[in-house]
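Dear colleague,

Please find below the sequence and structure that I am handing over to you. My findings follow directly after them.

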Amino acid sequence: MKSYLLLFCLLWLAACTSMPPAIKDFPAMDIPYQLVSQDVDAYKDTPLRWGGTVIDVENETDSSLVQVLFYPLDRNGYPQISQTSDGRFAVETSDFLDPAIFTEDAEITVTGTLKGEIERMVGNKIIRIPLVSAATIYLWPKDYRGRRYAGDQRYRYPPPYPFGYYGHPFFYRGFYGPYGYWW
């Protein structure tokens with residue numbers, strides 16, 4: 001009986017959201033963006049896992065270059081866009097990246113090695129940003145953020161039978177959930 005319970009618990013935990021295998025299996029170091037941007041040469045050829053939102057995609061004949069607004073990653077490798085951004089970085093890949101798919105504000109996670117710096121024009125100013133040679137670019141589904149926080153929504157239906165209408169533990173002064181709204 002204990003082995004069935006253990007098997008059930010393991011399967012249940014495996015069904016939880018986790019880092020996609022495409023970016024999980026890369027042996028990356030967790031180096032903060034601030035350290036790398038201050039001295040890129042010290043971290044050259046270091047494997048990284050960074051993420052953020054797409055700013056721009058530039059396609060050449062044999063490569064693509066993506067500018068990304070950096071955001072720290074959560075434990076699942078998803079960019080935490082609710083936090084403040086530390087800056088930009090560029091991603092170089094030999095694959096063709098379609099600008100219709102990698103649109104502005106699309107959330108991506110990149111694994112690869114730090115190649116050096118690259119100069120880019122932002123407005124009328126030239127800035128130097130870290131350049132990552134991509135091993136994998138993971139494009140997060142557009143509805144991932146919505147699915148991720150679906151558990152935070154309030155109840156939309158009456159409580160189940162055992163509690164009755166007024167006996168539900170979250171029923172308070174005619175409202176469900178922690179907020180004072182009806183639905």
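Strand 1 (residues 47-59) and strand 4 (residues 107-122) run antiparallel and are joined by 7 bridges. Within this pairing, G52 has I108 of strand 4 as its bridge partner. Please note that the model is a predicted one.

Strand 4 is also joined to strand 5 (residues 125-139), again in antiparallel fashion, by 14 bridges. One of the residue pairs here is V110 with I137, the latter lying in strand 5. Strand 4 and strand 5 form a hairpin with 2 residues between the strands, and in this hairpin G123 adopts a positive phi near 70°.

Strand 1 pairs with strand 2 as well: the two run antiparallel, with 8 bridges between them. They make a hairpin in which 4 residues separate the strands. Across this pairing, D56 is placed opposite Q67 of strand 2.

Strand 2 (residues 64-71) is in turn linked to strand 3 (residues 87-93) by 7 bridges, and these strands run antiparallel.

Why can strand 2 be described as largely enclosed by the rest of the structure? Of its 8 residues, 7 are buried, so the remainder of the structure largely encloses strand 2. Buried here means a relative accessible area under 20%.

I also examined the pockets. Rolling a probe the size of a water molecule over the atoms shows where empty space is left.

The largest pocket has a volume of about 230 Å³. Its lining comprises 17 residues, and those nearest the centre are D30, R49, W50, P72 and L73. Strand 1 and strand 2 are the elements that contribute two or more residues to this lining. By class, the lining of the largest pocket consists of 11 nonpolar, 1 polar and 5 charged residues.

The second largest pocket has a volume of about 160 Å³. It is lined by 11 residues, of which A106, E107, W140, P141 and K142 are the closest to its centre. The lining of the second largest pocket divides into 5 nonpolar, 1 polar and 5 charged residues.

Yours sincerely,
A colleague

Methods: Residues numbered from 1 in each chain as written. Predicted model: local features only at pLDDT ≥ 70, side-chain atom pairs only at ≥ 80, totals over all residues. Heavy atoms only, no water. Buried < 20%, exposed > 50% of the residue type's maximum accessible area, 1.4 Å probe, protein only. Pairing = 2+ DSSP bridges. 1 Å grid on protein atoms, 1.4 Å probe; cavity = no way out; pocket = protein on both sides within 12 Å on 5 of 7 lines; lining within 4 Å. Points joined across faces, edges and corners; volume = space filled by probe spheres on them. Nonpolar A, V, L, I, M, F, W, Y, C, P; charged D, E, K, R; others polar.
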